[in-house]
Amino acid sequence: MTADIHVAETTSDPVHPDNRAEAFHGVRAARRSELAEDYVELIAELIHEQGEARPVDIAARLGVRAPTVTKALDRLAREGLITRERYRSVFLTEEGRRLALECRRRHAIVLRFLIRLGLDAETAERDAEGIEHHVSERTLALFAAYADRA
């Protein structure tokens, strides 16, 4: 049996090489920001729960070693998302707080959507953690509309 494959001739075709390259670029950009988003979200959570976010607590929650956290925190500080002093707690800047709120909003929408589809809460939570970083605002709006239907 021979499959008949047609190559798209316009860029409006979603599988056209130009569109595929754009999609891959978007995925790479999302992966670069995913780490920062996870960290600021966790820092905000720790501050809310414990009144502070210490590097040792961040490492424990993420299941990584202290040098990994130090490297990530250095990057977040360079990007203007956190402030910190050596051997002290970590604090979110205004920009870091905005990013953490946005991440929390995206996570909540994806979580509600997955649960609405019938996924159990534990799996939905785990999957939402990855999906929230890779979904467009347009898709997120559709997720929210579906999740909020009666």
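**A predicted model, in questions and answers**

Colleague: At 14% relative accessibility, does Asp-57 count as buried or exposed?
Modeller: The structure in question is a predicted model. A residue is called buried when its relative accessible area is under 20%, and exposed when that area is over 50%. The value for Asp-57 is 14%, so the residue counts as buried.

Colleague: In which helix does Asp-57 lie, and which residues of that helix are buried?
Modeller: Asp-57 has its place in helix α2, which covers residues 55–62. Just after α2, Gly-63 takes a positive phi of about 70°. Within α2 itself, the buried residues are Asp-57, Ile-58 and Ala-59.

Colleague: Which residues does Asp-57 contact, once its neighbours within four places in sequence are left aside?
Modeller: The surroundings of Asp-57 may be described by a distance and by contacts. Leaving aside neighbours within four places in sequence, the residues in contact with Asp-57 are Leu-46 and Gln-50.

Colleague: In what order do the elements of the chain run from the N terminus?
Modeller: The secondary structure comes to six helices and two strands. Taken from the N terminus on, the order of the elements is α-α-α-β-β-α-α-α.

Colleague: What share of the residues of the chain counts as buried?
Modeller: The accessible surface of the chain comes to about 10,200 Å², and 56% of that surface belongs to carbon and sulfur atoms. Among contacts between residues at least 6 apart in sequence, 52% join residues at least 24 apart. Of the 150 residues, the share that counts as buried is 30%.

Colleague: How far apart should the ends of helix α4 be, and why?
Modeller: Helix α4 comprises the 23 residues 94–116. The expected span is 1.5 Å times one less than the number of residues.

Colleague: Which residue just after α4 takes a positive phi?
Modeller: Several residues in α4 are buried, including Gly-96, Ala-100, Cys-103, Phe-113 and Leu-114. Just after α4, a positive phi of about 110° is taken by Gly-118.

Colleague: Is Ile-115 buried or partly exposed, and how far is its C-alpha atom from that of Ala-147?
Modeller: Ile-115 lies in helix α4 and counts as partly exposed, because its relative accessibility is 40%. Not counting residues up to four places away in sequence, Ile-115 touches Ala-121 and Ala-124. Ile-115 and Ala-147 are 32 residues apart in sequence, and their C-alpha atoms are apart in space by 8.1 Å.

Colleague: What distance separates the C-alpha atoms of Glu-45 and Ala-100?
Modeller: Glu-45 lies in helix α1, residues 17–50. With a relative accessible area of 36%, Glu-45 is partly exposed. Glu-45 and Ala-100 are 55 residues apart along the chain, and their C-alpha atoms are separated by 8.9 Å.

Colleague: With which side chain does Ser-89 make a polar contact?
Modeller: Ser-89 is found in the loop between β1 (82–84) and β2 (90–92). The residue is buried, because its relative accessible area is 10%. Not counting residues up to four places away in sequence, Ser-89 touches Glu-52, Ala-53, Arg-54, Thr-83 and Arg-84. The polar contact of 2.7 Å joins the side chain of Ser-89 to that of Glu-52.

Colleague: Where is His-133 found, and what is its polar partner?
Modeller: His-133 is found in the loop between α5 (121–131) and α6 (137–147). At 7% relative accessibility, His-133 counts as buried. Its side chain makes a polar contact of 2.8 Å with the side chain of Asp-38.

Colleague: Which helix gives the most to the lining of the largest pocket?
Modeller: About 240 Å³ of space lies in the largest pocket. Among the residues that line this pocket are Pro-55, Val-56, Ala-66, Arg-84 and Tyr-87. Helices α2 (55–62) and α3 (66–78) each supply at least two residues of the lining. With three residues, the helix that gives the most is α3.

Terms used: Residues numbered from 1 in each chain as written. Predicted model: local features only at pLDDT ≥ 70, side-chain atom pairs only at ≥ 80, totals over all residues. Heavy atoms only, no water. Helix = DSSP H or I, 4+ residues; strand = E, 2+ residues; numbered from the N terminus. Buried < 20%, exposed > 50% of the residue type's maximum accessible area, 1.4 Å probe, protein only. Polar contact = N/O pair within 3.5 Å; in protein donor to acceptor, adjacent residues only side chain to side chain. Contact = heavy atoms within 4.5 Å. Areas by Shrake-Rupley, 256 points an atom, 1.4 Å probe, with all protein chains shown as cover. 1 Å grid on protein atoms, 1.4 Å probe; cavity = no way out; pocket = protein on both sides within 12 Å on 5 of 7 lines; lining within 4 Å. Points joined across faces, edges and corners; volume = space filled by probe spheres on them.
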